[in-house]
Amino acid sequence: MPIMRYLLIFISLTFLHLGTFNSAKAQQKNPLRVELNANLEMEDYNLVPCAENGVFVFFESENAGSNEDTRIWHFAMYNKNLKQEWVADTALIDGMKYMGHASDNQYTYLFFIDQDRIRSEYNLQVLRLDYKIDSFQLINATIPDKSEPLEFEISKQQAVIALNNPTFQPRIVIIDLKSGSLRDIMPELDGLNIIQQVEYDEDDNSWYFVMDNYLGKRKNALILLQTSDNGAIKRSIKLNP
């Protein structure tokens, strides 16, 4: 997609305050229902849609894992008819909180973060669910402390995580989902900056990051940052209101 098209979209979203909303109505004479035993002292169950594979249900238990400072999480997979296919348990670092998910044709990736990081050298875990063999793979990583994740996206066996922080120096973390290696990128930008949106363009194999730029308390500009698949910065464009 040409960069001018992105500029037009971002200008419209930022300065005209336009929004696009998709709505859908579901009609079914005999709706399906799944009943789960709930512990009222626990947080809510997490539900992740997995397209044709069904829905993934999981929650944190009260039980400690076999390794120090870990906690058991329970997982269940239901097919598109809401019939339970399998259940499994795995241990995550104690303190991890579920933040979001992304999927491709074969995998669903669950993103967990521990913003306190007092129990482990790692404060980020990505759990990969393989539909074909019904197995988990866990990737451990460390991101800067006090980071606030905005986006978690998957493309070409890479996870891209956009992070804002109290210093207003946003960072872009790219995780190789095959090797588990991590690249931490902090763009050199003037003023204070906050990432607002992340998009991937398959046509030119680029990531686009939209940032609000401030000088003091005054909003100064909109920055559009384009990077390659591996995070190398291709160009940076500043739009002044």
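Modeller: A residue is called buried when its relative accessible area is under 20%. Please note that the model is predicted.

Biologist: How many of the eleven residues of strand 15 are buried?

Modeller: Strand 15 spans residues 218-228 and is mostly covered. Under the 20% cut-off, the number of buried residues in strand 15 is nine.

Biologist: Which residue is the bridge partner of Trp207 in strand 15?

Modeller: Strand 14, residues 206-215, runs antiparallel to strand 15, and ten bridges join the two. Trp207 is paired across these strands, and its bridge partner in strand 15 is Thr227.

Biologist: Which residue in the hairpin of strand 14 and strand 15 takes a positive phi?

Modeller: Two residues lie between the strands of this hairpin. The positive phi, near 70°, belongs to Gly216.

Biologist: Which residue in the turn between strand 15 and strand 16 has a positive phi?

Modeller: Strand 16, residues 233-239, is antiparallel to strand 15, with six bridges joining them. Within this pairing, Leu224 stands opposite Ile237 of strand 16. The hairpin has four residues between its strands, and the turn residue with a positive phi, about 95°, is Gly231.

Biologist: How many charged residues belong to the lining of the largest cavity?

Modeller: A search of the whole structure finds one cavity of 30 Å³ or more, and about 30 Å³ of space lies in the largest cavity. Its lining includes Ile113, Asp114, Asn123, Pro144 and Lys146. The lining residues divide into three nonpolar and three polar, and the number of charged ones is three.

Methods
Residues are numbered from 1 along each chain as its sequence is written. This is a predicted model: local features need pLDDT of at least 70, side-chain atom pairs count only at pLDDT 80 or more; totals for chains, interfaces and linings use all residues. Side-chain values use heavy atoms; hydrogens and water are left out. On a 1 Å grid over the protein atoms alone, a cavity is a set of points where a 1.4 Å probe fits but cannot get out, and a pocket is an open set with protein on both sides within 12 Å along at least five of seven lines; lining residues have an atom within 4 Å of a point. Grid points are joined across faces, edges and corners, and a volume is the space filled by probe spheres set on the points. Ala, Val, Leu, Ile, Met, Phe, Trp, Tyr, Cys and Pro count as nonpolar, Asp, Glu, Lys and Arg as charged, and the others, Gly among them, as polar. Buried means under 20% relative accessible area, exposed over 50%, partly exposed in between (1.4 Å probe, protein chains only). Two strands pair if DSSP finds at least two bridges between them.
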